[in-house]
Amino acid sequence: MAAINIVRFRVRPGSEQQFIEEHQRLRPEFEGFLGGSLVRTGDNTFCMVGEWEDFQSIVDARPLMISFLDNMRHMLEDLGNGLGVTDPVSGEVAVRLWPPKAAKKKAAPAKRAAAKRRPAKRGSAKRTSGKRAAAKRRR
């Protein structure tokens with residue numbers, strides 16, 4: 001079952017851009033890691049959200065994730081309340097939400113073939129006066 005980990009950080013003032021750039025350079029090759037996002041949640045607060053194939057993949061990757069953190073620890077502030085510089089949580093996905101499916105476009109109505117004009121029956125033409133009309137009647 002898929003799992004998610006979320007880690008909250010508070011970055012020292014003036015270190016925000018360096019913190020973002022450090023994450024942009026990361027190329028984690030954790031077994032079972034599907035991807036993640038660094039989310040800016042305030043002026044100097046961020047959350048890292050990672051998606052994993054299963055919870056065991058998170059457990060197995062923790063030592064390497066801590067080594068990544070050790071390279072950034074100097075940019076972080078203590079969160080207080082005994083948390084240290086991170087507030088991590090993780091668990092298995094309980095419900096996955098998907099965007100609504102795009103509505104299928106209605107097919108354009110088929111164009112009707114242009115109706116072919118049938119020739120008028122002889123004698124049904126409106127009679128007109130004049131030389132042309134007289135010549136037509138004689139044919």
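**View 1. Surroundings of Asn5 in the predicted model.** Asn5 touches Met48, Val49, Gly50, Trp52, Ile58, Met65, Val89 and Ser90, leaving aside residues up to four places away in sequence; contact means heavy atoms within 4.5 Å. The residue lies in strand β1. Asn5 is buried, its relative accessible area being 8%; buried means under 20%, exposed over 50% and partly exposed in between, with a 1.4 Å probe and protein chains only. The side chains of Asn5 and Trp52 are joined by a polar contact of 2.8 Å. A polar contact is a pair of N or O atoms within 3.5 Å; within protein, one must be able to donate a hydrogen and the other to accept it, and residues adjacent in sequence count only if both atoms are side-chain atoms.

This is a predicted model, in which local features need pLDDT of at least 70 and side-chain atom pairs count only at pLDDT 80 or more, while totals for chains, interfaces and linings use all residues. Residues are numbered from 1 along each chain as its sequence is written, and side-chain values use heavy atoms, with hydrogens and water left out.

**View 2. The open sheet.** Four strands, in the order β2-β3-β1-β4, form an open sheet with antiparallel pairing. Strands (E, at least two residues) and helices (H or I, at least four) are DSSP runs, numbered from the N terminus, and two strands pair if DSSP finds at least two bridges between them. At the edges stand β2 (33-40) and β4, each with a single partner strand, so one side of each has no neighbour in the sheet. β1 and β3 pair over eight bridges in the antiparallel sense. Ile6 stands opposite Val49 in β3.

**View 3. Helices on the sheet.** α1 packs on the sheet and touches β1, β2 and β3, its direction making about 170° with that of β2. α2 also packs on the sheet, touching β1, β3 and β4, and its direction makes about 25° with that of β1. Axes are lines fitted to C-alpha atoms, for helices over the stretch in contact, and angles run from 0 to 180 degrees between N-to-C directions.

**View 4. Helix α2.** Ser57, Ile58, Ala61, Leu69 and Met72 of α2 are buried. Their cover includes β1 (3-10), α1 (16-25), β3 (45-52) and β4 (87-92). A kink of about 50° lies at Arg62, shortly before the proline Pro63; the bend at a residue is the angle between axes fitted to the seven residues ending there and the seven starting there.
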